[in-house]
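Hi,

Here is the structure I promised to pass on. Have a look at it first, and then read my notes below.

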Amino acid sequence: MDNTDNCTTPERNALDGNEAVNLAAEQSKNTAHRNIPALGLDEIPLPDDTANLREGPSLHDGLLALLPLVGVWQGTGQAVDDSAADGDAAEYAFGQQLIISHDGENYLRFDSRTWRIDADGNPVGADQRETGFWRISLDDAIEVTLTNSRGLVEIMYGEPVNERAWQLQSASTIATETGPATHGPGKRLYGLMPNNNLGWVDERVAAGSTQDDITFIPYMSGELKRVAG
């Protein structure tokens, strides 16, 4: 997949400090004033979620190692459709919106929506939704819980690769009775690229792998630009 190579080598994310600050400042001119909207319903005694670190409650001190992820991200990627009845897998393009927000508590909320894109770049319908929470311990152990609209529940553990990249690996992957039976455990890498876009890769254990010989194959990858936060 085209985006895989962009994400699998975090050392490529190294930037001159001044260059990174200047680029972030320039990009923030278009995103700093934007945020996810509040529901505007009956008030509850809790702060609204925010995807903008300049607004709402302060980010919990325990989340500082995940701070660069907070925001609204949009972009495109490539995926493998493993749901075909004949077992054949086909690649397809998708668009994605990813909202990573917080409410001042010691976790991040993760909310992803994807839609399929045809060969001409036009949207042709919904694909997947995934929602969950990211937590990180004092010794930088990351815990992620995810629920997918395809009928999947997954727990992943990981750690920061550096200040701009985070890696995760499945500890438990469960499919419902109507979920994809072939969707095995996997690993993910999220990282800020030199242009400050968020790149990510999801690889899954290949069929036929054994405990002593595990092979991972590309499943999904994307590159997203910050649009709010």
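A residue is called buried when its relative accessible area is under 20%, exposed when that is over 50%, and partly exposed in between. One thing to keep in mind as you read: this is a predicted model.

With that cut-off, F94 counts as buried because its relative accessibility is 0%. W200, at 4%, is buried as well.

Now for the aromatic rings. The structure has six aromatic pairs. F94 and W200 make up a tilted one, with 6.3 Å from centre to centre and 45° between the planes. F94 belongs to strand β2 (residues 90-101) and W200 to strand β9 (residues 198-205), so this pair ties together parts that lie 106 residues apart in sequence. Both residues also belong to an aromatic cluster, which is formed by F94, F110, W134, Y190 and W200.

Y107 and F133 form an edge-to-face pair, at 5.6 Å between centres and 90° between planes. This pair links distant parts of the chain too: Y107 is in the loop between β2 and β3 (108-117), F133 is in strand β4 (residues 123-136), and they are 26 residues apart. Y107 is partly exposed at 27% relative accessibility, and F133 is partly exposed at 38%.

R116 lies over the face of Y92, 3.7 Å from the ring centre, while the charged end of K187 sits over the ring of F216, 4.5 Å from its centre.

Last, the surface: L53, L64 and L67 make a nonpolar patch of about 240 Å². L53 is in the loop between α2 (17-28) and β1 (71-81), and its 37% relative accessibility makes it partly exposed.

Cheers

Technical notes:
Residues are numbered from 1 along each chain as its sequence is written. This is a predicted model: local features need pLDDT of at least 70, side-chain atom pairs count only at pLDDT 80 or more; totals for chains, interfaces and linings use all residues. Side-chain values use heavy atoms; hydrogens and water are left out. Patches are made of residues with over 30% relative accessible area and no salt bridge: like charges are joined within 9 Å, nonpolar side chains (Val, Leu, Ile, Met, Phe, Trp, Tyr) within 5 Å. Accessible areas come from the Shrake-Rupley method with a 1.4 Å probe; for residues, only the protein chains shown count as cover. A salt bridge is a side-chain nitrogen of Lys or Arg within 4 Å of a carboxyl oxygen of Asp or Glu. Helices (H or I, at least four residues) and strands (E, at least two) are DSSP runs, numbered from the N terminus. Buried means under 20% relative accessible area, exposed over 50%, partly exposed in between (1.4 Å probe, protein chains only). Rings of Phe, Tyr and Trp (its six-membered ring) pair if their centres lie within 6.5 Å; planes under 30 degrees apart count as stacked, over 60 as edge-to-face and the rest as tilted. A charge sits over a ring if NZ of Lys or CZ of Arg is within 6 Å of the ring centre and within 35 degrees of the ring normal.
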